[in-house]
Amino acid sequence: MLNNFIDSFSEYGDLYVQSIRETGAMVGISLVISTIIGLLLGVVLVVTRRNNLYENPIVYQILNVTINILRSLPFIVLMVAIIPLTKLIVGGTIGVKGAIVPLVVYTAPYIARLMESALLEVDKGVIEAYQAMGATRNQIITRVLLRESRPGVVLGITIATIGLIGASAMAGVVGAGGLGDVAIRYGYQRWEPAVMVTCIVFLVLIVQAVQSLGTVLAKRLRRR
Amino acid sequence: MSKVIQLEQISKRYYQGKREIDAVKNVTLDVQKGEIFGIIGYSGAGKSTLIRCVNFLEQPTSGSVRINGIELEGLKRAELRAVRRRIGMIFQNFNLLSSINVFDNVAAPLQLVKTPKEAITKKVRELLDLVGLTDKEESFPHQLSGGQKQRVAIARALASDPEILLCDEATSALDPQTTESILDLLLEINRKYKITIMLITHEMHVIKKICDRVAVMENGEVVEQGTVMDIISAPQQPITKNFIKSIFDVTLPSVLLNKLENDKRPGKILRISFVGENAADPILADLATQFTLRPTILYGNITQIKETIFGCLIIGVTGEASAIEAGIDYLTQQQLRIEVIEHAE
């Protein structure tokens, strides 16, 4: 059994390195883009609510429904369904760059919801205090909402990152590679249990590391 | 005396689903420059909504709010912000930013308008000195006690050199001792910086200790207003009497009342209210020697309203009817408020 692992490591060592890199690239790039979009949408979702800074029922409802629709689709369906969009944006549907568009379309709405709930946690009284001292609406967003919600935002991004790692495994379907892809092709289709187990161990370790990092960071930001 | 805050016929109506809620109904009141004006009422009386109308955190459904003569209705956003910077506000729950330290919390109003760094540091240190928290600059709100948090909030409210300070139940979340120290601080700020203070509370003690004038609110309406001395010495409305009872109970115990009712001797029961220095005059001795009356002390209470001594004495007097009348005339001439509360004949 142990020999199996050693053999598979020496045989596929480069493959693991390569696939971790691919996973890292897919997750890293889509995470940055999704976080920017998601945070922005999360802020819009919060401030356009009733009795909020930029109350606007039309914008709120459109965004709300759109996010719900996108969030209804399983990643594998979404990825195939938006192939035309992916082609339009990155000029192809293959490889890491082909995976990034669907990953972003999948993750950004998720992050938007996570950011929404983190931002809604911010004490209304503090917002009121800043309104009373003559802060502009944008100052309230940047100085109060985004600052006070940082622990929740970090935890939300952590959750989204882990979801993103999961989704990226399915991106193997479009030939984007990554650990999930290796697990399916070598571990399942070629029936090499050692490869399957190795991939699982790597995924578990990565997820653990991401979660611990997120938890520690959120704890440091939480000052209460 | 100029009117700093003028509220005219203020009403605020909310909709809770289809239900209409009139939180504030036709409130008219003025706050003079440099005074401490209190609004007292039970929870749900509308006082919190009313004080939020003063800086337009709540826009009244109808009526006019004027700050230093400027009508707030119809102001552009930037103009309203300029007015708000002249009005500090503190809250029951302090409402400090938990993610930044004491220094940055106090500096917030100055940072909003891009004040130079050195000026901010100077101002913040000065304010932390005033509120007695110089050593807490680097602390975060969660490391402070309730009283300390309210001191930080006061310092923050004063950072933009406001003319008006609004206090929304500022001491309601604090224990009695801390309440005293915060009230002392508010009084000091009022005197030192000539800042006009408008506060809301449900504690008569707060009104008695620092307010000059008071309005009593019930069901969204102001039912009674006047100087604190007048309201305490001669409350008109039942709700006002209830509030005053909490600090100054002038009702006779029922056992004593029954006994007096069965007393057949000719005489009267008088309630004598006295204010300020005549508290020390020997009026009872005068009644006995000059009018040959026999005064009996039934009940007495003395308290301090802001800086003025206010006392109340209930006495029974027996003697000739004409002598009693003369005695009452005499007491009235001594600048005392006399009420005949019961005949014991």
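This is a predicted model: local features need pLDDT of at least 70, side-chain atom pairs count only at pLDDT 80 or more; totals for chains, interfaces and linings use all residues.
Residues are numbered from 1 along each chain as its sequence is written, and chains are lettered from A, with ligands numbered from 1, in the order in which they are written.

Let's start with chain A. An unreviewed UniProt entry places "transmembrane region" at residues 25–47, 59–83, 89–112, 153–174 and 194–218 of chain A; such annotations may be inferred rather than shown by experiment. Two of these spans are set out below, with helices (H or I, at least four residues) and strands (E, at least two) taken as DSSP runs.

| Span of chain A | Helix | Strand | End C-alpha atoms apart |
|---|---|---|---|
| Residues 89–112 | 83% helix | 0% strand | 21 Å |
| Residues 194–218 | 100% helix | 0% strand | 36 Å |

Now for chain B. An automatic or database assignment gives domain 1 (3–245) and domain 2 (254–343) of chain B. Their centres, taken over C-alpha atoms, are 40 Å apart. Seven residues of domain 1 of chain B are in contact (C-beta atoms, placed from the backbone, within 7 Å) with seven residues of domain 2 of chain B. On the domain 1 side, H8(B) gives the largest share, four residues.

What about the two chains together? Here 18 residues of chain B are in contact with 18 residues of chain A. On chain B's side, helix H2 (77–84), strand E6 (87–91) and helix H3 (102–112) each supply at least two residues, and H3(B) has the largest share with three.

Technical notes
Two residues are in contact if their C-beta atoms, placed from the backbone, lie within 7 Å.
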